[in-house]
Amino acid sequence: MLPPALAGTRTGVAQAFATTAGNRPSSPTPPPPHLPRDFRGKGEWVVRDLGITVPFTWEGRNGDSQMIAGGPQYPIWFTNLIYHGTLYTLTYKWPGLTEHPCSKIPGFDLDQLNQAFQDARFVGREILQRSPNRHVNHWRVGVVLPKQPPGKFLRFPIALGDIYVDQDDRSTFWQVLQFGVQNLYDPELDEWLVMDTFEQKPGTVTLPERCS
């Protein structure tokens, strides 16, 4: 998957997907998101500024995981993987893209991803207005550089992410907004994944031959 520090928000898009659940009683901050070792789900990958929505799958097996968005018949087609301790990204199709290398970042695995989630900031309890509605906990993760103390310093949000997990199960992911340099191909630097199904059963993870 693209680097785990996922991403920011554009107000109009966020309001289209979520509404604060003000009718639920307040309670202590819930535990942060935790991606399981085994899971499988289907949904959509949404690039709102390009007007593109394509089918999307996200699956995990024994700690490895793989995202696949689109396919050869769609304007967008890519796969992101955590595989045997390495992060891979291979984009087959994207508007305006002429190069298609498989990028590799070694030394990254599921444990490190979940450790990054430990530092997420709790935004609140919300309802994703879907069919059916999803009661979720909204979290924000991010990477800001350079590291500076509070005060007037020049700093940049390199990668930010809004993660929406089920209120009854922090290991069930319903929606993620990625924003930052990991979305460099998109003019507005933001992309959504929206899940229709998510179950904690072993999925299928396959490293493309181009990345092996």
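This is a predicted model: local features need pLDDT of at least 70, side-chain atom pairs count only at pLDDT 80 or more; totals for chains, interfaces and linings use all residues.
Figure 1. Is W94 buried or exposed? W94 is buried, with a relative accessible area of 7%. Buried means a value under 20%, so 7% puts W94 in that class. Y185 is partly exposed, with a relative accessible area of 41%. A pair of aromatic rings is described by the distance of the centres and the angle of the planes. For W94 and Y185, the centres are 6.2 Å apart and the planes make an angle of 50 degrees, which is a tilted aromatic pair. W94 sits in the loop between strand 6 (86–93) and strand 7 (102–106), while Y185 sits in the loop between strand 11 and strand 12 (190–199), so the pair ties together parts that are 91 residues apart in sequence. The count of aromatic pairs comes to 11.

**Figure 2. The rings of F117 and F173.** Here is another aromatic pair to look at. The ring centres of F117 and F173 are 5.9 Å apart and their planes stand at 45 degrees, so this pair is tilted.

**Figure 3. The buried face of helix 2.** Follow F117 back to its helix, which covers residues 110–118. Which residues of helix 2 are buried? They are L110, L113, N114 and F117. Looking down the helix axis, these buried residues fall within an arc of 95 degrees, so they line one face of helix 2. What covers them includes strand 5 (77–83), strand 9 (134–145), strand 10 (156–166) and strand 11 (169–180). At the start of helix 2, look for D109: one of its side-chain oxygens comes to within 3.2 Å of the backbone nitrogen of D111.

**Figure 4. A charge over a ring: R134 and W174.** In this view, find the ring of W174 and then the side chain of R134. The charged end of R134 sits over the W174 ring, at 3.7 Å from the ring centre. Keep W174 in mind, as T197 is in contact with it too.

**Figure 5. T197 and the residues around it.** T197 is part of strand 12. With a relative accessible area of 40%, T197 is partly exposed. Which residues does T197 contact, leaving aside neighbours within four places in sequence? They are R40, G41, K42 and W174. With K42 there is a polar detail to spot: a polar atom of the T197 side chain lies 3.0 Å from the backbone nitrogen of K42.

Figure 6. A disulfide is a covalent bond between the sulfur atoms of two cysteines. How many disulfides are counted here? The count comes to 1. It is formed by C102 and C211, whose sulfur atoms are 1.9 Å apart. The torsion about the S-S bond is about 110 degrees, so this disulfide is right-handed. C102 lies in strand 7 and C211 in the segment after strand 12, and the pair links these distant parts of the chain, 109 residues apart. C102 counts as buried at 17% relative accessibility, and C211 counts as buried at 1%.

**Figure 7. Q148 in its loop.** Q148 is found in the loop between strand 9 and strand 10. Its relative accessible area is 35%, so Q148 is partly exposed. Not counting residues up to four places away in sequence, Q148 touches F153 and R155.

**Figure 8. Stepping back to the chain.** To place the close-ups, look at the chain as a whole. It has 2 helices and 12 strands. From the N terminus on, the elements run α-β-β-β-β-β-β-β-α-β-β-β-β-β. Of the 212 residues, 48% count as buried. Among contacts between residues at least 6 apart in sequence, 55% join residues at least 24 apart.

Note on methods. Residues are numbered from 1 along each chain as its sequence is written. Side-chain values use heavy atoms; hydrogens and water are left out. Buried means under 20% relative accessible area, exposed over 50%, partly exposed in between (1.4 Å probe, protein chains only). Helices (H or I, at least four residues) and strands (E, at least two) are DSSP runs, numbered from the N terminus. The arc is that of the directions from the helix axis to the C-beta atoms. Contact means heavy atoms within 4.5 Å. A polar contact is a pair of N or O atoms within 3.5 Å; within protein, one must be able to donate a hydrogen and the other to accept it, and residues adjacent in sequence count only if both atoms are side-chain atoms. Rings of Phe, Tyr and Trp (its six-membered ring) pair if their centres lie within 6.5 Å; planes under 30 degrees apart count as stacked, over 60 as edge-to-face and the rest as tilted. A charge sits over a ring if NZ of Lys or CZ of Arg is within 6 Å of the ring centre and within 35 degrees of the ring normal. A disulfide is a pair of cysteine sulfur atoms within 2.5 Å.
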